[in-house]
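Work through the exercises below with the structure open. Each task is followed by its solution.

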Amino acid sequence: MFEFLPVDWHDSLASTNTYLATALKEGPELPSGTVVAAREQHAGRGRQHRPWLTPPNQNLTFSFVWRETMPEQFVPAMAQALSVGIARFLQGYGLTPTIKWPNDLLVDGKKIGGILCERVNLSNSNQVAVVAGIGLNVNLDAATAAKIDQPATSILLETGHTGELPTVLDELLEALVAPLHAWSQRGFAGIRADYEAFGWKPGTAIRVRDGESYLSGNHGGYNEDGALVLKVDGGEKICYSGDIGLA
Ligand code: BTN
């Protein structure tokens, strides 16, 4: 069974994802479950080539190594499994999170966390290797949140509770184990029920943006891999990447 190793904390890194991907490719064999966290990232990266900006010492920015033998077709739903774990964790704080496909964590329509999973090709290995990075707003304050280019919130802003980052991270890692296990055994099917419960309702009129292209239609649920089904005039479109918004 997959386990997280004790967290390797750094004061400052460019990006915990970049750090672990480089270490995996160039360094000695890093075991599955290796976790690296940074109190500050100066070149944090988000999905769709966006930057991930977060003030030093306020929020969680960490990554871990997933390196296991498993079916290739399960891989795309990894971030969705992690989003379920984070959503459950936030419920433990009395919050009501939603997951915006594919893996944005929102509370009351405001972003509280995000996930960036990146495949790493390891030569001479038939294992699936992924660096999974998570940013979670723990102690983000209102003044800083107001400067972010999209509505953002944090555990502090929602609950009034200030979290001690290493403690919050240890608790979060514990919450990630069960959905990771379910996903690693059955792919998206293993987490579908939870993911749907946290997700937007099928039938909702939405718009999907992928790079420069936009598509509008109705939310039609997810296919067997966790890809979004968009109901459009005369049929369905399967979306493997992008961002959704209300139409
Ligand atoms: C998103 O765009 O929502 C995904 C954000 C992922 C950010 C995390 S912070 C830790 C890890 N290191 C990075 O550079 N990015 C991820």
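**Exercise 1. In which sense do strand β10 and β11 pair, and over how many bridges?**

Strand β10 covers residues 228–232. Its pairing with β11 is antiparallel and runs over five bridges. Pairing requires at least two DSSP bridges between two strands; strands are DSSP runs (E, at least two residues) and helices are runs of H or I of at least four, numbered from the N terminus. Within the pair, Leu230 faces Lys237 of β11.

The model is predicted: local features need pLDDT of at least 70, side-chain atom pairs count only at pLDDT 80 or more, and totals for chains, interfaces and linings use all residues. Residues are numbered from 1 along each chain as its sequence is written, and side-chain values use heavy atoms, without hydrogens and water.

**Exercise 2. Give the strand order of the open sheet and find its edge strands.**

The order of the five strands is β11-β10-β9-β8-β12, with antiparallel pairing. On average, neighbouring strands are turned by 45° against each other, direction ignored.

**Exercise 3. Describe how α2 and α5 pack.**

Start with the geometry. Helix α2 (residues 78–91) meets helix α5 (residues 165–186) at about 135°, with the axes 8 Å apart. That angle makes α2 oblique to α5 (under 35 degrees is roughly parallel, over 145 roughly antiparallel, 65 to 115 roughly perpendicular, the rest oblique).

Next, the contact (heavy atoms within 4.5 Å). From α2 it includes Met78, Leu82 and Phe89; from α5, Leu172, Pro179 and Trp183 are among the residues. The contact residues divide into 13 nonpolar, one polar and one charged.

Definitions and conventions: Axes are lines fitted to C-alpha atoms, for helices over the stretch in contact, and angles run from 0 to 180 degrees between N-to-C directions. Ala, Val, Leu, Ile, Met, Phe, Trp, Tyr, Cys and Pro count as nonpolar, Asp, Glu, Lys and Arg as charged, and the others, Gly among them, as polar.
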